[in-house]
Every structure is written in structure tokens, then in C-alpha cells.
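Let's take a friendly walk through this structure, one neighbourhood at a time. Keep the viewer open as you read.

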Amino acid sequence: MTFTEPAGRQAVTAYRTPLRVPDPWLTLAGGIEPQVAQYFLVSARCGCFMQAARSLNVKATWLRKQLAQLETRLQRSLFSFQGSALTLTREGRQLQARLITLAHESAPPLNDQPLIRLAVAESILHDILGRDLISLLRRNASVRLQIITLDSELALQAVSADLVLWLSDAHVSVSGPSFATLPADRLARLDYVPHIAKRYSRSATRPDCLDDLNDYMLVQWQTDRHVDGFAPWNALIDQRRAGVVQVQSYELMLEMIRCSACIGLLPLYMSRFDRGLVALPEIFGPSMQRYLWMAVNVQAEGSPEVQMLRELIHHTLDERRDWFQT
């Protein structure tokens with residue numbers, strides 16, 4: 001009697017194959033420069049060339065050029081677009097797996113980014129530096145930046161930071177933070193005058209003396225109550241028995257001036273920052289003044305990240321030099 005194997009076992013035996021041998025082109029992965037390998041892996045992880053460029057702190061055009069050269073070298077298409085989404089091709093997934101394996105063997109660990117602490121006067125952050133700081137973060141998503149707002153002399157004395165920008169009264173000697181700094185730089189002089197929204201005033205009937213303010217509501221940022229250089233404005237606020245609103249938020253004060261027909265004390269440059277506002281320089285005569293200062297913590301003197309922020313601040317002010325008096 002002859003026995004035969006069941007058909008099912010024969011089928012299994014027929015389709016049993018050896019383990020798949022990696023495609024020969026993947027042997028080239030070991031020769032890819034570590035930087036280019038990182039460009040590929042970050043792009044694959046982000047699924048977006050723009051976001052990958054931000055994370056790597058490189059230009060998106062440069063990143064795409066490097067990846068195109070990699071595809072030419074390997075003679076493989078690594079990326080494809082499905083609608084607006086960037087995905088890996090089959091070869092791209094193979095390369096990703098191979099590079100991840102090699103990274104554990106040869107690529108050095110990434111260094112943590114140092115934490116940079118920037119302390120800045122709240123109004124300066126809102127009006128002057130905010131947009132350029134956002135642009136910096138768009139270009140470099142790996143930066144570690146802590147932004148601390150200063151709204152009083154007490155906050156300046158209590159803060160600990162690597163780079164500090166603060167405002168001081170014009171008639172006093174410079175008083176900086178409590179920690180040791182390099183010699184402070186005086187960056188600009190700011191003149192302050194009352195402002196009103198153009199939409200609520202005609203040029204022929206705008207207030208030009210203190211008595212004219214009786215028909216308007218005044219708004220005061222509470223921080224300004226403690227500024228000695230604003231004594232004329234603060235005295236006017238204190239004398240008022242009606243038509244006064246005091247707010248804790250600088251942005252809310254601006255909104256009250258823009259949208260509620262209020263008059264508030266702002267830097268003279270504000271009519272350049274917001275074309276909907278107009279200065280009223282005649283009301284108090286000579287403008288009230290403050291100075292903008294910058295100092296670097298002595299312990300952060302050699303930090304390239306702090307130097308980058310210093311250069312950004314100088315560049316920002318240079319672009320707006322006609323806003324200030326030096």
C-alpha cells in the first residue's frame with residue numbers, strides 16, 4: 001500500500017521560499033553622508049519638506065536639492081505626493097528602514113539644544129520684536145527659547161535670563177537686572193504721547209489740549225502707573241472721576257483705543273506700527289520719554305545662540321530706525 005502526503009502539506013511545501021535577500025542598491029546606503037541621511041530621515045518623518053527644513057534649520061530649497069541628488073545617486077524615486085501629502089515610495093521605505101538600522105551603529109547622538117532665556121519689555125515684544133521672533137522660529141524649529149515678559153521694575157530685578165531688553169526713565173541713570181551682565185547698550189529713545197483711533201476723530205476736531213480730553217474716555221495700562229516719567233499722564237488719570245478704564249493687558253489697552261474711542265498713552269512710533277492710530281502730541285507739550293536698553297548675562301557671553309538673538313534684535317531696530325530717537 002502506498003501512502004502520499006495530504007494535498008495541503010504539498011501546497012505548503014510548494015510555496016516555501018527562502019528569506020528575501022535585500023535589494024543590491026541598498027548596499028549604497030552605508031555610503032550616504034550622515035547629514036544627507038539625516039535630511040532624508042527627518043523629511044520622511046515629517047511628511048513635509050517645509051516642516052523638515054524648519055526642524056533642520058536649513059532652507060527648503062536646499063533640502064529638496066540634497067534629496068534630489070540622493071535620488072539621482074541611488075537611481076531610485078524615494079518620495080511621492082498623494083494629493084498634498086508627502087509619502088515614501090516602496091524604495092523610500094526600504095531606505096528608511098536601512099538608515100535607521102545603520103544610525104544605531106554609526107551616527108552620533110544628536111546634542112540637546114541649549115535653553116536660551118530672553119527677557120523683554122512687554123510692549124517691545126508686542127510692537128517690535130514679535131514678528132521677527134516668529135520668523136526665527138519658522139526657520140529653526142529645533143531652537144529652545146524661553147521668552148519672559150517684563151512689565152515692571154520689580155520684574156526686571158527678579159528675572160534671571162541670558163539676554164534682557166528693558167525700558168528705563170530718561171532722567172535716571174541706567175538700572176539693569178540684578179545679575180551680572182556685560183556693559184548695557186542703549187538701543188533707542190522712545191517718545192510717548194496720547195493716541196486715538198483715526199476712525200473716531202477728524203483731523204479738524206482732534207484734541208489738542210487737556211480740556212479737550214473731557215469728552216473722551218481715557219485708558220491706562222496699569223504698568224504705566226509706576227513709571228515716573230509718565231507723571232503728567234498719571235496725574236491726569238488720577239484726577240478723573242469718570243471716563244477712565246484701567247487694564248492689566250497691553251493688548252487690551254490697544255484694542256480699547258482702536259475700537260472703543262478711548263485715548264491712551266503709547267510710544268510715538270505706534271502710528272507707524274498701526275496706521276489706524278494717530279498721535280496727539282500737542283496735549284502735553286514735550287513728549288514723555290523712556291530709553292530701551294539691552295544687556296547680556298556674563299555667563300552667556302560666548303553662546304552662539306545668544307549672539308544670534310543679539311544680531312536679530314539689532315537688525316530689527318536698524319530696519320525701524322526712523323521709528324526711534326537714538
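## A threonine and its helix

The side chain of Thr 316 reaches the backbone oxygen of Leu 312 at 2.8 Å. That is a polar contact (a pair of N or O atoms within 3.5 Å; within protein, one must be able to donate a hydrogen and the other to accept it, and residues adjacent in sequence count only if both atoms are side-chain atoms). Thr 316 belongs to helix H11, residues 304-319. Helices (H or I, at least four residues) and strands (E, at least two) are DSSP runs, numbered from the N terminus.

Is Thr 316 buried or exposed? Its relative accessible area is 0%, so Thr 316 is buried; the term means under 20% relative accessible area, with a 1.4 Å probe and protein chains only. Leaving aside neighbours within four places in sequence, Thr 316 is in contact with Ile 128, Leu 129 and Asp 132, where contact means heavy atoms within 4.5 Å.

## How to read the model

This is a predicted model, in which local features need pLDDT of at least 70 and side-chain atom pairs count only at pLDDT 80 or more, while totals for chains, interfaces and linings use all residues. Residues are numbered from 1 along each chain as its sequence is written, and side-chain values use heavy atoms, with hydrogens and water left out.

## Strands and cores

Strands E3 (residues 115-121) and E4 (residues 144-150) pair in the parallel sense over seven bridges; pairing requires that DSSP finds at least two bridges between them. Ala 119 stands opposite Ile 148 in E4.

The largest nonpolar core has 59 residues, and Ile 124, Leu 165, Leu 190 and Ile 313 have the most contacts inside it. Such a core is a set of buried Ala, Val, Leu, Ile, Met, Phe, Trp, Tyr and Cys residues joined through side-chain atoms within 4.5 Å. Apart from that core lies another, of 27 residues, among them Trp 25, Leu 41, Leu 74 and Leu 99.

In helix H3 (residues 49-56), Phe 49, Ala 52, Ala 53 and Leu 56 are buried. Seen down the axis of H3, these buried residues fall within an arc of 100 degrees, so they line one face of the helix; the arc is that of the directions from the helix axis to the C-beta atoms. Just after H3, Asn 57 takes a positive phi of about 60 degrees.

Met 253 sits in helix H9 (residues 250-259) and is buried, with a relative accessible area of 1%. Met 253 and Gly 264 are 11 residues apart in sequence and 7.5 Å apart in space, C-alpha to C-alpha.

Technical notes:
Buried means under 20% relative accessible area, exposed over 50%, partly exposed in between (1.4 Å probe, protein chains only).
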